[in-house]
Amino acid sequence: MKGLKNIITESIRNLRDCQTISYPSSLGQKYSHLEGLRGKPEFDSSKCTGCQACVRRCSDNAISVVDENGVRTLTIDVTRCMYCGRCAEICPVGAITMTNKFELSYDASEKPLTVNEVAVNNCVGCGTPYDSTRLIKEVQERVIANVDPSVVNVVQEDLPKYIFLCPQCRRRVVYELKTHTRKYY
Ligand code: SF4
Ligand code: SF4
């Protein structure tokens with residue numbers, strides 16, 4: 001008799017105070033405003049230089065790179081991502097944002113990916129995909145800004161000779177072009 005009474009009391013309580021939370025409309029909004037929430041990472045293609053620092057920093061191998069037809073495509077596989085935020089932290093131009101999007105369930109046909117495309121130049125020596133114009137320009141500016149002032153003029157003259165060559169080609173022709181640093185000593 002006591003058991004039946006408990007069941008009836010519990011049933012009445014459940015009917016009166018509904019325990020089912022309307023998701024995601026109520027809970028989703030609540031959590032999306034949590035300060036510091038790290039959700040789905042997203043790229044800002046207008047800032048990205050294609051430097052690939054984020055790819056190297058990602059400890060989950062969640063970011064892949066494909067160079068094809070003059071375009072570097074960086075893709076974050078959100079199903080591999082652990083939302084650590086290291087990619088956003090390392091990006092030198094602030095091109096990755098950890099958004100507050102966390103409702104990322106998907107069906108098999110729609111794997112959640114974050115895709116970013118950057119135009120890249122081919123190396124003028126061997127033709128392999130190299131770097132974006134934006135990154136080459138940025139490197140040039142950083143080198144000039146940080147080089148020893150006593151050699152800045154020489155470096156300024158040398159940079160255009162090798163800046164459009166990939167690192168392998170630079171090594172190959174460094175003495176031919178007389179752009180090696182040993183000439184300073
Ligand atoms: S997102 Fe940032 S770190 Fe990643 S390739 Fe673009 S500029 Fe480099
Ligand atoms: S948030 Fe972390 S795991 Fe996800 S892509 Fe960035 S570095 Fe990789």
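Predicted model: local features only at pLDDT ≥ 70, side-chain atom pairs only at ≥ 80, totals over all residues.
Biologist: Switching to the core, which residues have the most contacts inside the largest nonpolar one?

Modeller: That core has 18 residues, and C54, I63, C87 and I96 are the ones with the most contacts inside it. Leaving aside residues up to four places away in sequence, C54 touches I63, C87, I90, C91 and I96. As a general point, nonpolar side chains in soluble globular proteins tend to be buried together.

Biologist: Take I63 then, is it buried or exposed?

Modeller: I63 counts as buried because 23 other C-beta atoms lie within 10 Å, where the cut-off for a buried residue is 20 or more. I63 has its place in strand β2, and, again not counting residues up to four places away in sequence, I63 touches C54, V55, C58, L74, T75, I76 and C87.

Biologist: How far apart are the C-alpha atoms of I63 and R80?

Modeller: Those two C-alpha atoms are separated by 8.9 Å, while I63 and R80 are 17 residues apart along the chain.

Biologist: What does β2 pair with, and in which sense?

Modeller: Strand β2, which covers residues 63-68, pairs with β3 in the antiparallel sense over 6 bridges, and V66 has T73 in β3 as its bridge partner. The hairpin of β2 and β3 has 2 residues between the strands, and N69 takes a positive phi near 50 degrees there.

Biologist: Which strand is joined to β3 by 7 bridges?

Modeller: That is strand β5, residues 113-119, which runs antiparallel to β3. T73 has a bridge partner in β5 as well, namely E117, so T73 is bridged both to V66 and to E117, by the bridges that define strand pairing.

Biologist: Which residues of β3 are on the covered face, and which on the uncovered one?

Modeller: In β3, residues 71-77, the covered face has R72, L74 and I76, whereas V71, T73, T75 and D77 are on the uncovered face. In a regular strand the side chains alternate between the two faces of the sheet.

Notes. Residues numbered from 1 in each chain as written. Chains lettered and ligands numbered in written order. Buried ≥ 20, exposed ≤ 12 C-beta atoms within 10 Å, placed from the backbone. Helix = DSSP H or I, 4+ residues; strand = E, 2+ residues; numbered from the N terminus. Core = buried A, V, L, I, M, F, W, Y, C linked by C-beta atoms within 7 Å. Contact = placed C-beta atoms within 7 Å.
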